[in-house]
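Hi,

Here is the structure I promised to pass on.

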Amino acid sequence: QLQLVESGGGLVQPGGSLRLSCAVSGATLDTYAFGWFRQAPGKEREGLSFMNSYGGSYGDTIEYSDSVKGRFTASRDNAMNTVFLQMNSLKPEDTAVYYCAATDQYGLAFQADEYDYWGQGTQVTVTS
């Protein structure tokens, strides 16, 4: 069974950067689509980036929500079996628990309920 473990969260000042990692075990990355989501206290889970399946073989297609476009970059390293989220120009409103998620659905998946596998989450706090 696929397992996802996030790491890399922490406390950062506004304008700073963090890189989140999502270590994947139980399968190789190629056959899964991956998403990054976040959830702040009292708010619904928000989708941030969406990466297609088979990207390692055919090239990644990655789409972003408007709230992070131009600041966040998702990527995958098939050799490391890890998915990343590089977060730059962080703002206090980026404070949340961040999750990676995976689905064996072909192509891109944009909705949280399309994902079958979730990590435990990592806290990101942006404050001065």
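Thr125 comes out as partly exposed, because its relative accessibility is 24%. (Buried means under 20% relative accessible area, exposed means over 50%, and partly exposed is in between, with a 1.4 Å probe and protein chains only.) Before you read on: this is a predicted model, where local features need pLDDT of at least 70 and side-chain atom pairs count only at pLDDT 80 or more, while totals for chains, interfaces and linings use all residues. Residues are numbered from 1 along each chain as its sequence is written, and side-chain values use heavy atoms, with hydrogens and water left out.

Back to Thr125, which you'll find in strand 11 (residues 122–126). (Strands here are DSSP runs of E, at least two residues, and helices are runs of H or I, at least four residues, numbered from the N terminus.) Leaving aside residues up to four places away in sequence, Thr125 touches Gly10, Leu11, Val12 and Thr95; contact means heavy atoms within 4.5 Å. The Thr125 side chain also has a polar contact with the side chain of Gln123, at 3.3 Å. (By polar contact I mean a pair of N or O atoms within 3.5 Å; within protein, one must be able to donate a hydrogen and the other to accept it, and residues adjacent in sequence count only if both atoms are side-chain atoms.)

Now for another threonine. Thr103 is 22 residues from Thr125 along the chain, and their C-alpha atoms are 27 Å apart. Thr103 sits in strand 9 (residues 96–103) and counts as buried, because its relative accessibility is 1%. What does the side chain of Thr103 have 3.1 Å from one of its polar atoms? One answer is the backbone nitrogen of Gln105, and the backbone oxygen of Glu114 also lies 3.1 Å from a polar atom of that side chain. With residues up to four places away in sequence not counted, the contacts of Thr103 are Thr31, Tyr32, Ala33, Ala109, Glu114, Tyr115 and Asp116.

Two loop residues are worth a click as well. Asn81 is in the loop between strand 7 (72–77) and strand 8 (82–87), and has a positive phi of about 55 degrees although it is not a glycine. Asn81 counts as buried, because its relative accessibility is 16%. Ser89, in the loop between strand 8 and strand 9, is also a non-glycine residue with a positive phi, near 50 degrees. Ser89 is partly exposed, because its relative accessible area is 40%.

Of the 128 residues, 45% count as buried. Among contacts with a separation of 6 or more, 60% come from residues 24 or more positions apart.

Cheers
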